[in-house]
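Hello,

Here is the structure I promised to hand over to you. Please open it alongside this note, and then read on for what turned up in it.

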Amino acid sequence: MIPPFHKGGIKKGVQEMPISRRVKGDLNGASWVRRMFEEGEELKQTYGEENVYDFSLGNPNLEPPPSLKKALKALADHPITGMHRYMPNSGYSETRNAIAEYLAEESGLPFEEKHIVMTVGAAGGLNVAFKAILDEGDEVIVPSPYFMEFKFYIENCGGQIRLVETNKDFSLNLLEIEKAIGRRTKAILINFPNNPTGVVYDQQSLENLGELLKRKNRELGKTLFLITDEAYRRIVYDHIQLPIIFHYYPHTLRVTSHSKDLSLPGERIGYVAVSPLCEEIDEMISALVFANRILGFVNAPALMQRLVAPLQRNSVNIRDYEEKRDLFYHSLKEFGYHVVKPQGAFYLFPKAPIEDDVAFVKELQSKRILTVPGRGFGKQGYFRIAYCVEKKAIEGALPKFKEVAAKYGMVGK
């Protein structure tokens, strides 16, 4: 007979929390993106999927390019012996070599395969990078608005996030970054093209950031790391040439994935590239590989490593996203919405006509339009639109955006 709990040492009426207190607290403030997505699923069941305009989730709607399908078929028809076995924790040599060759061509720097660590997407790569460099209490500076998961990735590794405001056009505010740098600072994390704003940081601001960090290294007598999340690097518009941050600061780690450029978000394949100019690079690489192992990722998916190796210069049709951006952006501007024109990624981040962005998102939801409140990205009073959807969804939603704009007296302003 199993004794009652109150006779087994636990007092009657006292319940011990079954999950971590920290996780329970984080759950309360966790992803608004997923919350809105899940509410959207309920709307779709009620009204039919075609009658709900879902711009909540940055889930690419384009299929992978034909080159990937061709490579997949070739691998299936001619499998490599042992292709599903364990591998080095840093990834296959041939994959890392292919990426290093591409980065060397792009940057003119002497990248080698040892500078690349294959990871489980960019999210895995960021966790690996933070685990490798952070001690308990170290701070990571992050410009806001930002992708909310960054906070949890940093805290996973004992660090603390330190948010700094950007300028009104969401460009980097170097004065705010400089004021935030202190004895506990270990790294600066920037994401460009940016989620949620679609902003691309220009060459001058990145060059100035590099000079600022070099100066702070001398003043503090320590090395600050610059970590760049460049998962949207290939998704840029208007013939913009994205700056190469490796040119401006030697202690740089680029984290990226093929989720967006090859439309493979569900396959979780990415990498961390360490600048060949980074001091003590061998120790850094060893730390990244060790972190990859002990965090439980162990290594990036074997099949995907084989597939993406020869596709470093391939991508989906970026023009498709650009056309959707133009349609959405120009229409919203015409309706009176205040929005910075995105130069990359597939998001718009308009200002809500009222201070309460959650209330405004609920107003849009009453029209069966799903967006995400700006507070989910650290910026109240705004809302995010993910336009990586079918064009007909945008066309169907625009009249409703206009109706809401008229209700708030925005049309014609």
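Let me begin with α11, which has 18 residues and reaches 26 Å from its first C-alpha to its last, close to the 26 Å expected at 1.5 Å a residue. Do keep in mind that this is a predicted model. The buried residues of α11 are I318, Y321, E322, K324, R325, F328, Y329, S331, L332 and F335. An α-helix has 3.6 residues a turn, so residues three or four places apart point the same way. What do the buried residues of α11 pack against? They pack against β9 (347–348), β12 (383–386) and α13.

The pairing with α13 is worth a look. The axes of α11 (residues 318–335) and α13 (residues 391–407) come within 10 Å and cross at roughly 10 degrees. Since angles under 35 degrees count as roughly parallel, α11 is roughly parallel to α13. On the α11 side the contact is made by K324, L327, F328, S331, L332 and F335, and on the α13 side by K391, I394, E395, L398, F401, K402 and A405. These residues divide into eight nonpolar, one polar and four charged.

You will find Y237 in the loop between β6 (225–229) and β7. Is Y237 buried or exposed? Its relative accessibility is 0%, so Y237 counts as buried. Leaving aside residues up to four places away in sequence, Y237 touches I318, Y321, E322, R325, P342, Q343, G344, A345, F346 and Y387.

V128, A129, K131, A132 and I133 of α5 make the contact with M284, A287, L288, A291, N292 and I294 of α9. The residues of this contact divide into nine nonpolar, one polar and one charged.

Helix α4 (residues 93–107) lets you check a length for yourself. At 1.5 Å a residue its 15 residues should span 21 Å, and the end C-alpha atoms are 21 Å apart, which agrees. In α4, T95, R96, A98, I99, A100, Y102, L103 and S107 are buried. Their cover includes β2 (116–119), β7 (252–257), β8 (270–274) and α10 (302–308). After α4 comes G108, with a positive phi near 80 degrees.

Finally, some backbone details. Most residues other than glycine have a negative phi, and most peptide bonds are trans. Here are the exceptions I would point you to:

- The bond from S144 to P145 is cis, with omega near 10 degrees; P145 lies in the loop between β3 (139–144) and α6 (149–156).
- F192 and P193 are joined by a cis peptide bond with omega about -15 degrees, and P193 is in the loop between β5 (185–191) and α8 (203–220).
- F170, not a glycine, has a positive phi of about 70 degrees. F170 sits in the loop between β4 (160–165) and α7 (174–180) and counts as buried at 4% relative accessibility.
- R368 has a positive phi near 65 degrees. Its place is in the loop between α12 (357–366) and β10 (369–370), and R368 is partly exposed, with a relative accessible area of 24%.

Happy exploring!

Key:
Residues numbered from 1 in each chain as written. Predicted model: local features only at pLDDT ≥ 70, side-chain atom pairs only at ≥ 80, totals over all residues. Heavy atoms only, no water. Helix = DSSP H or I, 4+ residues; strand = E, 2+ residues; numbered from the N terminus. Expected span 1.5 Å × (residues − 1). Buried < 20%, exposed > 50% of the residue type's maximum accessible area, 1.4 Å probe, protein only. Contact = heavy atoms within 4.5 Å. Nonpolar A, V, L, I, M, F, W, Y, C, P; charged D, E, K, R; others polar. Axes fitted to C-alpha atoms, helices over the stretch in contact; angles between N-to-C directions. Parallel < 35°, antiparallel > 145°, perpendicular 65-115°, else oblique.
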